[in-house]
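Q: I would like to learn how to read a model like this one. Could we go through it feature by feature?

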Amino acid sequence: MTVCLVAGVSLEPSRKPLNVLVKRINNDVSIRLKNDVEYHGRMIDCDSHMNVILEGTKEFRNNAPSTNLGNVVLRGSNILYICVDHSEENK
C-alpha cells in the first residue's frame, strides 16, 4: 500500500506530512511535481519547507522513464505530492 501526502489535508499530529517524511529519510519515494513530471529515488534529506534531496533519481514523463539524474534537489513549492511505501512506514 502507498501513502500519498497532499498539501491541505488535516491529519492527526503523528501523521502530519513533515513527520511522515522525516521517518522516511533514506527510503525510496515517488514525487510528482506540478508540471506532471515524476521523480523516483532515495530521499536523503528534507526540510520544513518540504524541499527534498533525492539520490539515484529517475525522471518519468507520461508514466515512462525519461532520464537517470543521480542527485537532485526538489523545491517544496513545486511538489504536487509525495508517495511513500506505507508497508515500511511504521518500522
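Q: In strand 3, which residue is the bridge partner of Val29?
A: Two strands count as paired if DSSP finds at least two bridges between them. Helices (H or I, at least four residues) and strands (E, at least two) are DSSP runs, numbered from the N terminus. Here the bridge partner of Val29 is Gly41 in strand 3. Strand 2 and strand 3 run antiparallel and are joined by 6 bridges. They form a hairpin with 3 residues between them. Asp36, in that turn, has a positive phi of about 70 degrees.

Q: Before going on, what kind of model is this, and what are the ground rules?
A: This is a predicted model, where local features need pLDDT of at least 70, side-chain atom pairs count only at pLDDT 80 or more, and totals for chains, interfaces and linings use all residues. Residues are numbered from 1 along each chain as its sequence is written, and side-chain values use heavy atoms, with hydrogens and water left out.

Q: Where in the chain is confidence lowest, and where is it highest?
A: pLDDT is the predictor's confidence in each residue, from 0 to 100. Where pLDDT is low, the predicted coordinates should not be read in detail. The chain averages 84, and 77% of the residues score at least 70. Helix 2 (residues 86–89) is lowest, at a mean of 48. Strand 4 is highest, at 97.

Q: What pattern does the chain follow along the sequence?
A: It reads β-α-β-β-β-β-β-α. That is 2 helices and 6 strands.

Q: Which strand pairs with strand 2 over 5 bridges?
A: Strand 6, in the antiparallel sense. Arg32 has Tyr81 as its bridge partner there.

Q: Which residues touch the most other members of the largest nonpolar core?
A: A nonpolar core is a set of buried Ala, Val, Leu, Ile, Met, Phe, Trp, Tyr and Cys residues joined through side-chain atoms within 4.5 Å. The largest one here has 16 residues, and Ile31, Val52, Leu54, Leu74 and Ile82 touch the most other members. Elements giving two or more residues to this core include helix 1 (17–23), strand 2 (27–33) and strand 6 (79–85). Strand 3 gives the most, with 4 residues.

Q: What is Ile31 in contact with, beyond its neighbours within four places in sequence?
A: Contact means heavy atoms within 4.5 Å. The partners of Ile31 include Val37, Tyr39, Val52, Leu54, Leu74 and Ile82.

Q: Is Thr57 buried or exposed?
A: Thr57 is buried, with a relative accessible area of 1%. Thr57 is found in strand 4. Not counting residues up to four places away in sequence, Thr57 touches Tyr39, His40, Gly41 and Thr67, among others.

Q: How many salt bridges are there?
A: Side chains of opposite charge can pair when their charged atoms come close. The rule for a salt bridge is a side-chain nitrogen of Lys or Arg within 4 Å of a carboxyl oxygen of Asp or Glu. The count comes to 3. One joins Asp28 and Arg42, at 3.9 Å from N to O. That pair links distant parts of the chain, with Asp28 in strand 2 and Arg42 in strand 3, 14 residues apart. Another joins Arg32 and Glu38, with the closest N and O atoms 2.8 Å apart. Both Arg32 and Glu38 are buried. Arg61 and Glu59 also meet in a salt bridge, at 3.0 Å. Arg61 is partly exposed at 42%, whereas Glu59 is buried at 9%.

Q: What is the phi of Asn26?
A: Most residues other than glycine have a negative phi, and most peptide bonds are trans. Asn26 has a positive value, near 70 degrees. Asn26 sits in the loop between helix 1 and strand 2. Met50 also has a positive phi, of about 65 degrees, and lies in the loop between strand 3 and strand 4.

Notes:
Buried means under 20% relative accessible area, exposed over 50%, partly exposed in between (1.4 Å probe, protein chains only).
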